[in-house]
Amino acid sequence: MKSTFLNIRRFTREKLNEGWSRQQIFDHLIEKAGSDAQKDYKKVARLATLIARFPLQALNRKIRWVKTLMILSIMGAIGLSWLEQLPLARMLGLLELPWYMITLWILGANFFNLLNLLLLGPAIRMNRKAYLWIMILNTFLLARWIWSWALAPVAVVPILILMALLRTIIVVTSGFLYFKSNIAFDIQKMGQSLYHVIFRT
């Protein structure tokens, strides 16, 4: 295909903004590419995948608000987690250790928070897999938080409720963004040599 990755992305963005469907965009690009491209399964699949993966979130203001809520909830959960750790660190005298020991303690105690931060970059760029990993990670953190508090209820109840609420919001919003971004398609063979794509959503 003569169309480059960036050209396909640019064209897809422009046409989606104009109200074209993904099916119309695919049909236009595959026709422009010529019959040779339609005979190549890999090229047809690649074009369909590029069009399907174009982030729906970039074109929907309501979904942008959901993404913003997810990001703010992640930052809030990280901040709350840090506030929970400080009293314990002071009590155990961890803040009086050498800087490299403090650094190791921060990295170890905030490993999952750091993972959340690392996933924020791809999530902001609307990477669908990032939403899936954020959902899985924070489902685990929510379950671990409730389980650990049930075994040793040392956390202040308002903080417990707020942390559980933030983790729940993260799981729900990231799950919503992940499933909302799922654009499925089928590749069908027309005749003996031509391939065509039908977008289901």
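User: Why is H196 counted as buried?

Analyst: H196 has a relative accessibility of 19%, and buried means under 20% relative accessible area, with exposed over 50% and partly exposed in between (1.4 Å probe, protein chains only); H196 therefore counts as buried. This is a predicted model, in which local features need pLDDT of at least 70 and side-chain atom pairs count only at pLDDT 80 or more, while totals for chains, interfaces and linings use all residues. Residues are numbered from 1 along each chain as its sequence is written, and side-chain values use heavy atoms, without hydrogens and water.

User: Which residues does H196 touch?

Analyst: Not counting residues up to four places away in sequence, H196 touches Q23, F26, D27, D186, I187, Q188 and M190, where contact means heavy atoms within 4.5 Å. H196 itself lies in strand β2 (residues 194-199); strands are DSSP runs of E with at least two residues, helices runs of H or I with at least four, numbered from the N terminus.

User: What makes up the largest nonpolar core?

Analyst: A nonpolar core is a set of buried Ala, Val, Leu, Ile, Met, Phe, Trp, Tyr and Cys residues joined through side-chain atoms within 4.5 Å. The largest has 23 residues, and M70, I74, A123, Y131, I134 and L177 have the most contacts inside it. Two or more residues come from each of α5 (61-91), α7 (111-124), α8 (128-151) and α9 (157-180), with the largest share, 8 residues, from α5.

User: Which residues belong to the second, separate core?

Analyst: This core of 19 residues includes F26, I30, A37 and F199.
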